[in-house]
Amino acid sequence: KFQGIDGLKRRKTKKEYSVQFKLGAIQFMLTTGASYLETAVHFKLNKPSLIKRWTKEFHEQGVEGLNAKPKGRPSMSKKPNKQKKKEEKKITR
């Protein structure tokens, strides 16, 4: 209703919001007493659940909870045990 046809369109790329933007949205909501939906409309966000999640992370972890988190799986580390076995075999020969 508030954003018209543009609000219904699916975004092709995910938008990452800065810590300052997230903090501004949370402060706006807390100072004005606006709901999640009203805050989302004011900042032109498609989902009010974003603000709910940001608020939860802010209350649990502080400003550092609003920082972007790395996506995906962490890289695998090499196991040092295999390298030690190879060195022991060289010494015994």
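Is R53 buried, partly exposed or exposed, and what is its relative accessibility? In this predicted model, R53 counts as partly exposed because its relative accessibility is 46%, a value that lies between the limit of under 20% for buried residues and that of over 50% for exposed ones.

**Setting of R53**

The protein chain contains five helices and zero strands, and from the N terminus on its elements follow the order α-α-α-α-α. R53 is placed in helix α4, which covers residues 48-61. Together with K14, K47 and K71, R53 forms a positive surface patch. Between the C-alpha atoms of R53 and L66, which stand 13 residues apart along the chain, the separation is 9.6 Å.

Of the 93 residues of the protein chain, 18% count as buried. The largest nonpolar core has eleven residues in all, namely Y17, L23, A25, I26, M29, A40, L45, L50, I51, W54 and L66. Two or more residues of this core come from each of the elements α2, spanning 19-32, and α4, and α2 gives the most, with four residues.

| Helix | Residue range |
|---|---|
| α2 | residues 19-32 |
| α4 | residues 48-61 |

Conventions:
Residues numbered from 1 in each chain as written. Predicted model: local features only at pLDDT ≥ 70, side-chain atom pairs only at ≥ 80, totals over all residues. Heavy atoms only, no water. Patch = residues over 30% accessible without salt bridge, like charges linked within 9 Å, V, L, I, M, F, W, Y side chains within 5 Å. Areas by Shrake-Rupley, 256 points an atom, 1.4 Å probe, with all protein chains shown as cover. Salt bridge = Lys/Arg side-chain N within 4 Å of Asp/Glu carboxyl O. Lys, Arg positive; Asp, Glu negative; His and termini not counted. Charge placed at Lys NZ, Arg CZ, Asp CG, Glu CD. Buried < 20%, exposed > 50% of the residue type's maximum accessible area, 1.4 Å probe, protein only. Core = buried A, V, L, I, M, F, W, Y, C linked by side-chain atoms within 4.5 Å.
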